[in-house]
Amino acid sequence: MVAVTGDGVNDAPPCAKRCGIAMGLIGTDVAKEAADVILTNDNFDAIVSAIEEGRAVYDNIRKFITYIFSSNVAEVVPFLATAMFGIPSP
């Protein structure tokens with residue numbers, strides 16, 4: 001994915017087409033309306049830290065879903081087996 005940063009009127013079309021990031025303090029209203037994300041402090045380091053945190057959150061969600069599915073399979077399989085094969089319940 002490509003992110004486009006901008007603060008002026010001429011930056012509005014690229015910000016609207018891609019993942020647009022506008023500057024909050026010095027940016028024009030046109031760039032802010034066209035962008036998907038607005039930086040309130042106009043610091044590019046905020047973009048880097050936000051991407052790092054987003055990747056960490058995504059990784060944690062993947063780990064959680066893997067854990068839930070792996071632990072619940074042993075609980076669900078006996079119920080599915082009784083329903084599919086007509087085995088009586090214990």
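Modeller: Start with pairing: two strands pair if DSSP finds at least two bridges between them. This is a predicted model. Three strands form an open sheet here, in the order β1-β2-β3, with parallel pairing.

Biologist: What makes β1 and β3 edge strands?

Modeller: β1 (3-6) and β3 (37-39) each have a single partner strand, so one side of each lacks a neighbour in the sheet. Neighbouring strands are turned by 25° against each other on average, direction ignored.

Biologist: Why are β1 and β2 called paired?

Modeller: The cut-off is at least two bridges. β1 and β2 (residues 19-23) have four, in the parallel sense. Therefore they count as paired. As for partners, T5 bridges to I21 in β2.

Biologist: Why is the contact between K63 and D59 called a salt bridge?

Modeller: The rule asks for a Lys or Arg side-chain nitrogen within 4 Å of an Asp or Glu carboxyl oxygen. K63 and D59 meet at 3.5 Å, N to O, so the pair qualifies. The count by this rule is one salt bridge. The two residues lie four apart in helix α3 (residues 45-85), about one helical turn.

Biologist: Why is K63 exposed but D59 partly exposed?

Modeller: Exposed means over 50%, and buried under 20%. K63 has 52% relative accessible area, so K63 is exposed. D59 has 33%, so D59 falls in between.

Biologist: Which residues make up the largest nonpolar core?

Modeller: Seven: V4, A12, C15, A22, A31, A34 and A35. α1 (12-17) and α2 (29-34) each supply at least two. A35 touches C15, G20, I21 and A22, leaving aside residues up to four places away in sequence.

Definitions and conventions
Residues are numbered from 1 along each chain as its sequence is written. This is a predicted model: local features need pLDDT of at least 70, side-chain atom pairs count only at pLDDT 80 or more; totals for chains, interfaces and linings use all residues. Side-chain values use heavy atoms; hydrogens and water are left out. Buried means under 20% relative accessible area, exposed over 50%, partly exposed in between (1.4 Å probe, protein chains only). A nonpolar core is a set of buried Ala, Val, Leu, Ile, Met, Phe, Trp, Tyr and Cys residues joined through side-chain atoms within 4.5 Å. Contact means heavy atoms within 4.5 Å. Axes are lines fitted to C-alpha atoms, for helices over the stretch in contact, and angles run from 0 to 180 degrees between N-to-C directions.
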